[in-house]
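This report examines how the parts of one protein chain are packed together.

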Amino acid sequence: MASTSIDIRFPDLSGKRAVITGGSDGIGLRIATRLAAAGAEIVLPVRNTAKGESAIAVIQKAAPDAQVSLRTLELSSLDSVAALGETMRAEGAPIHYLINNAGVMTPPDRQTTSDGFELQFGTNHLAHVALVAHLLPLLRAGSARVTSQVSIAANQGAINWDDLQWQRSYDGMRAYSQSKIAFGLFGLELDRRSAAYDWGVTSNLSHPGVAPTSLLSARPEVGRSADTRQVRLIRWLSARGLIVGTPDTAALPALYAATSPDAGARRLYGPKGPGHLGGAPAEQKLYTRLRSEDDARRMWMVSQELTEARFPEE
C-alpha cells in the first residue's frame with residue numbers, strides 16, 4: 001500500500017549543486033523540492049521557461065531559502081544538450097548530483113528527434129548519454145553521484161540491436177522498454193568506466209514504480225490528445241492508497257539512490273511494495289536485461305557513435 005507518510009532522511013546538502021532533468025513537474029519537481037529543502041543548490045534544465053518559473057515558485061514556497069535557477073534544454077536535440085554543457089562548463093561550478101529523470105513514453109505513432117532518432121531512444125537514453133559526457137568535467141570536479149531513472153519496463157522487452165530506431169516496425173511499448181534498458185546499461189557502464197579511468201564519479205539506477213504522472217497523460221507534443229486508460233486507473237488506485245505510489249513516494253527511490261550514504265554504485269533502487277509498484281525505497285535485484293556487461297559495453301560504444309559525445313578513456 002502506498003502512503004504519503006513514507007519518508008527518508010537526508011544528509012545536509014548545503015554547498016552541493018544538483019542538476020535534475022525533468023524537474024519542472026511530476027516526480028522531478030518532487031525530487032528538486034526535497035533536495036532544495038535539504039540545502040542543495042538546484043539547477044533545472046527546462047524546455048519551457050514559463051513552466052520552469054512555476055516550478056521555482058513551488059520549490060521556494062516549500063523551501064523559502066532555496067537556491068534554484070533555470071537553464072535551457074531540449075532533450076530531443078543534441079545541439080541543445082551540447083549548448084547546455086558549454087554553458088555550464090563556462091560557469092565552472094562543480095556538480096555533486098546529477099539526476100537523469102526526464103523522459104517520454106509510448107507516443108502512439110513513431111516520432112523522431114531533431115537528429116533523426118526514434119523519440120524515446122533519443123530522448124530517454126541518447127540525450128542523457130550526451131549530457132553526462134558534456135558535463136563530465138564538472139561531475140569529476142564534484143566527485144558526483146549520477147542517478148539515472150529507469151523503469152519497471154526495463155524488466156521486459158529487449159534491445160532491438162538490428163533496428164535501434166524502430167524504422168522497420170514500430171511498437172511504442174517495446175521501444176520504451178528498449179530506451180530504459182539502454183539507459184540502465186549505460187548507467188552501470190558509466191560506473192565501471194569511472195572506476196577504470198579514475199573519473200571519481202559514481203553511478204547508480206533508480207525507478208519510481210508506478211504513480212500518476214504526466215508520462216501517460218494527454219501530451220499533444222507526442223501525439224497523445226487524451227489521457228490514457230492506464231493513467232486513469234493509476235490515478236484511481238493512487239488516490240485510494242492501493243498498490244501503486246503517489247508522485248511524492250515515487251520520487252523517493254531516486255532521492256535515496258542519489259543522496260543516501262547507504263546507496264551503492266552499480267545498484268538499482270525502487271519501491272519495495274508489492275510488485276515494486278509503490279512503497280518505501282529499497283535496493284532491488286538488478287533486472288536480468290541489465291546484467292550483461294557485454295551488452296553494456298556494446299551500448300556504450302554505439303551511444304557514443306550516435307551522439308558523437310566522447311568520454312575520455314584515459
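A crossing of two helices is called right-handed if the near helix is turned clockwise from the far one by less than a right angle, and left-handed if anticlockwise. By this convention, H1 passes H8 in a right-handed crossing. The model under discussion is a predicted one.

**Overall composition**

The chain contains nine helices and eight strands. Of its 314 residues, 57% count as buried. Among contacts in the chain with a separation of 6 or more, 73% are accounted for by residues 24 or more positions apart.

Two packed helices are described by the angle between their axes and the distance between the axes.

| Helix pair | Axis distance | Crossing angle |
|---|---|---|
| H1 (residues 26–37) and H2 (residues 49–62) | within 9 Å | roughly 40° |
| H1 and H8 (residues 252–259) | within 9 Å | roughly 45° |

The axes of H1 and H2 cross at roughly 40°. That angle makes H1 oblique to H2. The crossing of H1 with H2 is right-handed. On the H1 side, the contact is made by Leu 29, Ala 32, Thr 33 and Ala 36, and on the H2 side by Ala 55, Val 58, Ile 59 and Ala 62. Classified by residue type, this contact has seven nonpolar residues, one polar residue and no charged residues. As a general point, an α-helix has 3.6 residues a turn, so residues three or four places apart point the same way.

For H1 and H8, the axes cross at roughly 45°. H1 is therefore oblique to H8. Here H1 contributes Ile 31, Arg 34 and Leu 35, while H8 contributes Leu 252, Ala 254, Leu 255 and Thr 259. The contact of H1 with H8 has five nonpolar, one polar and one charged residues.

How far is H8 enclosed by the rest of the structure? Seven of the eight residues of H8 are buried, so this helix is largely enclosed. The buried residues of H8 are Leu 252, Pro 253, Ala 254, Leu 255, Ala 257, Ala 258 and Thr 259.

**The nonpolar cores**

The largest nonpolar core has 49 residues, and those with the most contacts inside it are Met 88, Leu 98, Leu 135, Leu 139 and Phe 311. Helices H3 (78–91), H4 (119–141), H5 and H9 (293–307) each supply at least two residues of this core. H4 provides the largest share, twelve residues.

Apart from this core lies another, of 30 residues, which includes Ile 27, Ile 42, Ala 251 and Leu 255.

Leaving aside neighbours within four places in sequence, Leu 98 is in contact with Val 19, Leu 131, Val 132, Leu 135, Leu 139, Arg 145, Val 146 and Thr 147.

His 128 is found in helix H4. With a relative accessible area of 0%, this histidine is buried. Beyond its neighbours within four places in sequence, His 128 is in contact with Thr 21, Leu 75, Asn 100, Asn 101, Ala 102, Thr 123 and Phe 183. His 128 and Gly 103 are 25 residues apart in sequence, and their C-alpha atoms are 9.7 Å apart in space.

Ser 194 lies in helix H5 (residues 172–197). Its relative accessibility is 3%, so Ser 194 counts as buried. Not counting residues up to four places away in sequence, Ser 194 touches Trp 199, Gly 200 and Val 201.

**Residues with positive phi**

Trp 166 has a positive phi of about 55° although it is not a glycine. This tryptophan is placed in the loop between strand S5 (145–149) and H5. Is Trp 166 buried or exposed? Because its relative accessible area is 2%, under the 20% limit, Trp 166 is buried.

Glu 308 is not a glycine either, and has a positive phi of about 60°. Glu 308 is found in the segment after H9. At 66% relative accessibility, over the 50% limit, Glu 308 counts as exposed.

Terms used. Residues are numbered from 1 along each chain as its sequence is written. This is a predicted model: local features need pLDDT of at least 70, side-chain atom pairs count only at pLDDT 80 or more; totals for chains, interfaces and linings use all residues. Side-chain values use heavy atoms; hydrogens and water are left out. Helices (H or I, at least four residues) and strands (E, at least two) are DSSP runs, numbered from the N terminus. Buried means under 20% relative accessible area, exposed over 50%, partly exposed in between (1.4 Å probe, protein chains only). Contact means heavy atoms within 4.5 Å. A nonpolar core is a set of buried Ala, Val, Leu, Ile, Met, Phe, Trp, Tyr and Cys residues joined through side-chain atoms within 4.5 Å. Axes are lines fitted to C-alpha atoms, for helices over the stretch in contact, and angles run from 0 to 180 degrees between N-to-C directions. Angles under 35 degrees count as roughly parallel, over 145 as roughly antiparallel, 65 to 115 as roughly perpendicular and the rest as oblique. Ala, Val, Leu, Ile, Met, Phe, Trp, Tyr, Cys and Pro count as nonpolar, Asp, Glu, Lys and Arg as charged, and the others, Gly among them, as polar.
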